[in-house]
Amino acid sequence: MKAINSMKLQFEGRSVNESFSRTAVAAFVAQLDPTIEEISDIKTAVSEAVTNCIVHAYRHKLGVVYITANILPDSHVVIKIRDKGCGIPDIPKAMEPMYTSAPEEERAGLGFAVMQSLMDKVKVTSKEGKGTTVVLERSIRCKEA
Amino acid sequence: MAVQIDLADEMMIAHIIGDIDHHNAKELRETIDDAVVKGQVRELELDFRDVSFMDSSGIGLVMGRYKLMKEIGGDLYLINIASHLKKVMILAGLDRLAIMDRPERHPLKPVENGGNKQ
């Protein structure tokens, strides 16, 4: 489906950019006049995906995180978060609630569980040594009921 | 400072300010844990009144403090949680670990005659 509007963002995978990236995506989605809860859900899901890039994909090096966001007809938002990091060898395992490969950082292992619960659709593709793409989809409901 | 600590009689309130994400979780937990150990705290309250955003790093923060308080035989309470944060907490089952929504108390401003317990 053809996008009505789109944006691209790329930034260094430094943890200080977690806040920047989720706020930037939220500001882009704001044109759809979402509810506070919808904006909060999107910020949280984006923050999870970007944190995964920084904590896992680029664990031993500094890399670039790429985000694209598309607004489709019927206020449907598609957000892609992509890295060129280490990749995920076992995606179902990585998506299991409470599983984390970085327990020393006090990670709860709930990143994907949070994304799945807040978004309509979450798709993960990954190739070891090449990187990972997470696609988040969420429909924004019209405020006038 | 992203957290303000109030301490009195083995009770501590950690008033967290701003966002809780992976970037600032480490400093938050180090500040809180340090104060808990030094103050021999038995009752820890995390105050979310001024937390505008929280992702699963916040869940890790709460779970870690729950473990710490259990280890030292204390309790953890979460207060003033906005509905959009509560959603993420309940999803992680934090309502089973810590008491959420306890009425606020003011340990540093004790009222005479036993205090004002709401």
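In this predicted model, the interface between the two chains brings 21 residues of chain A into contact with 17 residues of chain B. On chain A, the side that touches chain B draws at least two residues from each of three helices, namely α1 (17–29), α2 (36–57) and α4 (111–118). Of these, α2(A) gives the most to that side, with 10 residues. The composition by class of the side of chain A that touches chain B is set out below.

| Class | Residues on the side of chain A that touches chain B |
|---|---|
| Nonpolar | 7 residues |
| Polar | 8 residues |

Leaving aside residues up to four places away in sequence, A45(A) touches V114(A), M115(A), L118(A), M119(A) and L136(A).

Chain B contains an open sheet of 5 strands in the order β1-β2-β3-β4-β5, with mixed pairing. Strands β1 (3–8) and β5 (99–100) of chain B stand at the edges with a single partner strand each, so one side of each has no neighbour in the sheet. Within the sheet, β2 (residues 11–20) and β3 (residues 43–54) of chain B pair in the parallel sense over 9 bridges. In β3(B), E43(B) is the bridge partner of M11(B).

Notes: Residues numbered from 1 in each chain as written. Chains lettered and ligands numbered in written order. Predicted model: local features only at pLDDT ≥ 70, side-chain atom pairs only at ≥ 80, totals over all residues. Contact = placed C-beta atoms within 7 Å. Helix = DSSP H or I, 4+ residues; strand = E, 2+ residues; numbered from the N terminus. Nonpolar A, V, L, I, M, F, W, Y, C, P; charged D, E, K, R; others polar. Pairing = 2+ DSSP bridges.
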